[in-house]
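This briefing is intended to be read alongside the sequence and the structure shown below.

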Amino acid sequence: MTGLRFVLKAMIACIALAMVVPGKRTISVIASTPPQAAKRIALSFDDVPRGRGAFLTPDERTARLVEIFRSRHVPQPVFFLNPNRIVHFGDGIDAPKRIAAYVAAGGVLANHTNTHPKLSKVTADRAKRAAVRAGLAARGMMNGYATIDGSDWNMEGQAIAARKAGKAIDMDALRDLYVETHVRSADFGDELARRALGRSPAHVLLLHETDMAGLFLGDLIDALRQDGWEIIGADEAYADPMHRERPDVAWTAGTMIEQIAWEKKLAKPRWYERNDVKVANALFAERVLHEKLGAGK
Ligand SMILES: [Zn+2]
């Protein structure tokens with residue numbers, strides 16, 4: 001049976017409380033030393049439908065993504081929708097058709113909230129996180145967290161800005177930076193998880209519906225597999241016992257794993273460095289735009 005029936009991504013930026021109805025859980029047997037076990041990761045896409053990127057029309061982007069899912073045999077990618085965008089984006093006119101294409105390609109749909117509000121801007125005057133968690137639990141939903149993040153939305157934004165400014169974009173370098181940033185993030189997240197949980201969990205990679213994905217997701221999947229990762233579906237990922245975690249940290253920043261590591265006060269580094277946009281943007285300028293760092297300042 002399909003466990004992932006309904007997922008609600010709640011309220012806090014892109015890495016937030018998100019909810020899945022618990023279905024039948026698979027029992028995961030944890031060997032004491034599983035060094036050869038495949039690292040497992042599911043693909044998730046936030047903020048669907050997103051606006052236009054620097055390179056593709058929304059239709060082209062969707063066609064490419066669907067072809068990548070097919071050619072790479074990606075099981076059950078999950079798409080977190082902002083339904084409000086279907087109505088309010090100029091490029092959202094045919095969004096229902098594009099979303100249907102993802103479902104036809106084996107994808108499952110989840111909710112990223114209607115309007116993508118920040119938790120700090122919505123009501124529930126006290127103990128908001130607890131209130132949100134309780135409210136979602138009362139509705140039979142659970143957190144559809146992510147455990148791996150490479151801030152692809154920021155790289156998409158950098159490409160759009162560079163295109164608007166008429167700068168030359170080295171597409172091979174952009175592909176390499178996109179792939180490398182996410183593979184390193186996956187390995188960072190898995191290492192952090194092994195320290196925080198004592199095991200390698202089923203991971204969820206946070207991506208967005210971007211031109212970066214339309215152009216380079218196939219390369220990223222190939223590189224992840226080359227690096228020892230198995231691509232799994234959303235049901236398997238969210239059946240991991242980690243879905244019961246409710247990290248109590250000062251705010252909901254970072255991935256689920258980063259929050260657990262923070263709660264446990266593990267030794268640093270606890271954050272993937274390229275999710276700092278200053279670090280990411282300097283890399284983009286240097287490697288993709290071939291700008292000398294510090295030049296023109
Ligand atoms: Zn988002």
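How are α1 and α7 oriented to each other, roughly parallel or roughly perpendicular? In this predicted model, the axes of helix α1 (residues 58-71) and helix α7 (residues 211-226) come within 8 Å and cross at roughly 25°. Angles under 35 degrees count as roughly parallel, and α1 and α7 are therefore roughly parallel to each other.

**Packing of α1 with α7**

- The crossing that α1 makes with α7 is left-handed.
- On the α1 side, the contact is formed by Glu60, Arg61, Arg64, Leu65, Ile68 and Ser71; on the α7 side, the partners are Asp211, Ala213, Gly214, Leu217 and Gly218.
- Sorted by class, the residues of this contact between α1 and α7 comprise 4 nonpolar, 3 polar and 4 charged.

**Packing of α5 with α10**

- Helix α5 (residues 152-164) packs with helix α10 (residues 277-288) at an angle of about 45°, and their axes are 10 Å apart.
- The two helices, α5 and α10, are therefore oblique to each other.
- The crossing of α5 and α10 is right-handed.
- Asn154, Met155 and Gln158 of α5 meet Val277, Ala280, Asn281 and Phe284 of α10.
- By class, the contact of α5 with α10 has 4 nonpolar and 3 polar residues, and no charged residues.

**Nonpolar core**

- The largest nonpolar core contains 61 residues, and those with the most contacts inside it are Ile41, Ala42, Phe79 and Leu205.
- Helix α6 (residues 171-197) supplies the largest share of this core, with 9 residues.
- Leaving aside residues up to four places away in sequence, alanine 42 touches Val78, Val204, Leu205, Ile232, Gly233, Ala234, Glu236 and Ala237.

**Cis peptide bonds**

- The peptide bond from valine 48 to proline 49 is cis, with omega near 0°; proline 49 is located in the loop between β3 (39-48) and α1.
- A cis peptide bond also runs from lysine 268 to proline 269, with omega near 5°; proline 269 belongs to the loop between α9 and α10.

**Positive phi values**

- Aspartate 47, a residue of strand β3, has a positive phi, near 65°, although this residue is not glycine.
- Aspartate 47 is buried, with 20 other C-beta atoms within 10 Å.
- Glutamine 76, in the loop between α1 and β4 (78-81), likewise has a positive phi in a residue other than glycine, with a value near 50°.
- Because 20 other C-beta atoms lie within 10 Å, glutamine 76 is buried.

**Residues separated in sequence**

- Threonine 255 lies in the loop between α8 (234-238) and α9 (256-263), and counts as buried because of its 26 C-beta neighbours inside 10 Å.
- Between threonine 255 and tryptophan 271, the separation is 16 residues in sequence and 8.8 Å in space, C-alpha to C-alpha.
- Asparagine 111 is placed in strand β5 (residues 108-111) and is partly exposed, with 18 other C-beta atoms within 10 Å.
- Asparagine 111 and phenylalanine 80 are 31 residues apart in sequence, and their C-alpha atoms are 5.0 Å apart in space.

Terms used. Residues numbered from 1 in each chain as written. Predicted model: local features only at pLDDT ≥ 70, side-chain atom pairs only at ≥ 80, totals over all residues. Core = buried A, V, L, I, M, F, W, Y, C linked by C-beta atoms within 7 Å. Buried ≥ 20, exposed ≤ 12 C-beta atoms within 10 Å, placed from the backbone. Helix = DSSP H or I, 4+ residues; strand = E, 2+ residues; numbered from the N terminus. Contact = placed C-beta atoms within 7 Å. Axes fitted to C-alpha atoms, helices over the stretch in contact; angles between N-to-C directions. Parallel < 35°, antiparallel > 145°, perpendicular 65-115°, else oblique. Left-handed = near helix turned anticlockwise from the far one by under 90°. Nonpolar A, V, L, I, M, F, W, Y, C, P; charged D, E, K, R; others polar.
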